[in-house]
Amino acid sequence: MFKDALVNFVASLQITFQDVVRIGDWITIEQKEKSIINGVVEKITITLVVVRNFDGTTTTIPAELLLSTTVRNWRSICAS
């Protein structure tokens with residue numbers, strides 16, 4: 001029953017301590033060569049990550065998704 005919550009909690013800790021993404025980072029997550037998430041990280045909680053997409057909508061994703069899929073983080077390009 002608590003498996004998903006525990007997995008997302010551990011993933012959130014990994015995201016924070018490994019500096020995978022930060023609030024304000026522009027990220028893109030793709031599946032099968034199709035962009036499913038493309039926007040700025042607005043919030044990171046113990047189980048969820050909220051991303052504001054380029055069109056103004058928000059997407060709430062489980063923290064575990066950032067570790068189980070390929071995430072393109074545009075932080076280094078935007079910081080230049």
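This is a predicted model: local features need pLDDT of at least 70, side-chain atom pairs count only at pLDDT 80 or more; totals for chains, interfaces and linings use all residues.
Residues are numbered from 1 along each chain as its sequence is written, and side-chain values use heavy atoms, without hydrogens or water. Local features need pLDDT of at least 70 and side-chain atom pairs pLDDT 80 or more, while totals for chains, interfaces and linings use all residues.

**Whole chain.** Color by secondary structure. Helices are DSSP runs of H or I with at least four residues; strands are runs of E with at least two. The C-alpha atoms fill a box of roughly 40 × 25 × 20 Å along the principal axes.

**Core.** Select V21, I27, I29, I37, V49, I61 and L66. They have the most contacts inside the largest nonpolar core, which has 13 residues. Such a core joins buried nonpolar residues (under 20% relative accessible area, 1.4 Å probe, protein chains only) through side-chain atoms within 4.5 Å. Elements giving two or more residues to this core are α1 (3–17), β1 (26–31), β2 (34–44), β3 (48–53) and α2 (65–68).

Center on I61. Leaving out residues up to four places away in sequence, I61 touches I29, I37, T47, L48, V49 and L66 (contact: heavy atoms within 4.5 Å).

**Surface.** Go to A5 in helix α1. A5 is partly exposed because its relative accessibility is 40%, between the 20% and 50% limits. Its C-alpha atom lies 14 Å from that of I44, 39 residues apart along the chain.

Finish at I46, in the loop between β2 and β3. At 54% relative accessibility, I46 counts as exposed (over 50%).
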